[in-house]
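Let's take a walk through a protein model together.

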Amino acid sequence: MEFEVNRTEVISQVVCEMLENIENPYERQAGYVHLFGVSQMAALLAKKRNLSVEIAQIAGLLHDYYAYMTGEREKHASKGADMVLPLLAKTGLFSVCEVANISKAILGHSDKEKTDGTPYEELLKDADVLQHVLYNASLPVEKKYAVRYAKLKEELGLI
């Protein structure tokens with residue numbers, strides 16, 4: 001019997017190992033909530049948009065990998081896009097095209113005002129916004145997320 005590797009679980013384990021090395025328990029908890037939350041939002045949007053749920057989830061898991069790994073937020077999208085390339089290649093589980101889709105999505109995820117990215121870039125931006133907004137839905141939506149969130153509410157029939 002052939003055993004099929006669950007690539008999302010492989011990357012989930014990599015992310016968990018990275019997060020366990022964060023000394024501050026609040027930062028560690030924030031990492032779990034945010035990375036896994038974005039991954040779940042990405043899965044939902046991928047199903048709605050007929051994209052690969054698996055690739056979307058993995059991009060969600062890894063989108064802030066650099067920031068949590070290093071504690072640095074500045075240019076974390078571009079640095080993170082570079083950081084995940086060898087990580088994904090090392091697993092031997094992803095095609096060149098899949099690695100490119102994940103890396104490009106991570107690279108563009110911070111520029112929420114830009115709306116002309118690839119489908120995975122836009123999906124990751126949207127998943128990130130949904131996680132931030134829905135983490136505590138009783139808080140007002142941050143101005144930087146307002147336009148994108150309004151479009152998401154319409155797309156998802158939440159208006």
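Start with His 76, which counts as buried because its relative accessibility is 9%, and buried means under 20%. Bear in mind as you look around that this is a predicted model. His 76 belongs to helix H5, which covers residues 76-91. Who is packed around it? Setting aside residues up to four places away in sequence, His 76 touches His 63, Asp 64, Tyr 66, Ala 67, His 109 and Ser 110. Its side chain also has a polar atom 3.0 Å from the backbone oxygen of Arg 73.

Is Lys 75 buried or exposed? With 57% relative accessibility, it counts as exposed, since the cut-off for that is over 50%. There's something else to spot here: Lys 75 isn't a glycine, yet its phi is positive, at about 55 degrees. Most residues other than glycine have a negative phi. Asn 50 gives you another case, with a positive phi near 55 degrees in a residue other than glycine. You'll find Asn 50 in the loop between H2 and H3, and it counts as exposed because its relative accessibility is 71%.

Next, head inside. The largest nonpolar core has 37 residues, and the ones touching the most other members are Ile 11, Val 15, Leu 62, Leu 88 and Ile 102. Several helices give two or more residues to this core, among them H1 (7-20), H3 (53-62) and H5. Which helix gives the most? That's H7, with 7 residues.

Zoom in on Ile 11. Leaving out neighbours within four places in sequence, Ile 11 is in contact with Ile 58, Leu 61, Leu 62, Leu 87, Leu 88, Thr 91 and Phe 94.

Finally, look at how H1 and H3 sit together. Their axes are 10 Å apart and the packing angle is about 5 degrees. That makes H1 roughly parallel to H3, because angles under 35 degrees count that way. On the H1 side, the contact is made by Arg 7, Thr 8, Ile 11, Ser 12 and Val 15, while H3 brings Glu 54, Ile 55, Gln 57, Ile 58, Leu 61 and Leu 62. Sort the residues of this contact by type and you get 6 nonpolar, 3 polar and 2 charged.

Conventions: Residues are numbered from 1 along each chain as its sequence is written. This is a predicted model: local features need pLDDT of at least 70, side-chain atom pairs count only at pLDDT 80 or more; totals for chains, interfaces and linings use all residues. Side-chain values use heavy atoms; hydrogens and water are left out. Helices (H or I, at least four residues) and strands (E, at least two) are DSSP runs, numbered from the N terminus. Buried means under 20% relative accessible area, exposed over 50%, partly exposed in between (1.4 Å probe, protein chains only). Contact means heavy atoms within 4.5 Å. A polar contact is a pair of N or O atoms within 3.5 Å; within protein, one must be able to donate a hydrogen and the other to accept it, and residues adjacent in sequence count only if both atoms are side-chain atoms. A nonpolar core is a set of buried Ala, Val, Leu, Ile, Met, Phe, Trp, Tyr and Cys residues joined through side-chain atoms within 4.5 Å. Axes are lines fitted to C-alpha atoms, for helices over the stretch in contact, and angles run from 0 to 180 degrees between N-to-C directions. Angles under 35 degrees count as roughly parallel, over 145 as roughly antiparallel, 65 to 115 as roughly perpendicular and the rest as oblique. Ala, Val, Leu, Ile, Met, Phe, Trp, Tyr, Cys and Pro count as nonpolar, Asp, Glu, Lys and Arg as charged, and the others, Gly among them, as polar.
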